[in-house]
Amino acid sequence: PDADRVGVAVRNSEGNYQLLTGNQIGALLTYYLVSNKTDINSKDAVIMTIVTSELGANIAKAYGATVFDTLTGFKFIGEKINEFEEKNDYNFLFGYEESYGYLAGTFVRDKDAVISSVLIVEMAAFYKSKGLTLLDAIDRIYKEYGYYSDALDSFTFKGIGGKDKIKSIVDK
């Protein structure tokens, strides 16, 4: 019923669709936003969760923005935005996490695929006007900021033994 996450598939050079990871989309959006804003400074903030790749953080820092890490979940990004407003110390630019959640602007305090989808289309059109695809753009970002690989491992622990295993992991 709500639109909170968005994924992107693009055609590669073989004509097949290739899915971008949440980290790749986040890095692309971070780069697009900070590279097209003329007055970035240390009061401008990009927020990521601790499970997110450092690529976007390195891009934001290279442009002079301050990067904040939060625990996993957009409620923590929203809390940071509230804190910025209460203290009047940072301007929120962008936030994301690897699980395809993105947030630009402060009028929504949660991941928002509606705004993010429009921003992704705008970004794709921008790169297309320069003769580039999103795959070309991420390749350029990798060449400038380093190559990153990300993968997701999912573990299932079933039954009472699984419950005990989870408790043991959490206790550690």
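This is a predicted model: local features need pLDDT of at least 70, side-chain atom pairs count only at pLDDT 80 or more; totals for chains, interfaces and linings use all residues.
When cavities of 30 Å³ or more are counted, the total comes to one. By residue class, the lining of the largest cavity is made up of four nonpolar, three polar and one charged residues. Among the contributors to this lining, helix α1, which runs over residues 22-35, gives the most, with three residues.

The largest pocket, in turn, holds about 150 Å³ of space, and its lining consists of Thr21, Gly22, Asn23, Val51, Glu98, Tyr100, Asp150, Ala151 and Leu152. Sorted by class, the residues that line the largest pocket fall into four nonpolar, three polar and two charged.

Helix α6, spanning residues 159-171, comprises 13 residues and extends 18 Å from its first C-alpha to its last, a value close to the 18 Å expected at 1.5 Å a residue. With burial taken as under 20% relative accessible area, the number of buried residues in α6 is one of 13, and the helix therefore lies largely in the open.

Key
Residues are numbered from 1 along each chain as its sequence is written. Side-chain values use heavy atoms; hydrogens and water are left out. On a 1 Å grid over the protein atoms alone, a cavity is a set of points where a 1.4 Å probe fits but cannot get out, and a pocket is an open set with protein on both sides within 12 Å along at least five of seven lines; lining residues have an atom within 4 Å of a point. Grid points are joined across faces, edges and corners, and a volume is the space filled by probe spheres set on the points. Ala, Val, Leu, Ile, Met, Phe, Trp, Tyr, Cys and Pro count as nonpolar, Asp, Glu, Lys and Arg as charged, and the others, Gly among them, as polar. Helices (H or I, at least four residues) and strands (E, at least two) are DSSP runs, numbered from the N terminus. The expected span of a helix is 1.5 Å times one less than its number of residues. Buried means under 20% relative accessible area, exposed over 50%, partly exposed in between (1.4 Å probe, protein chains only).
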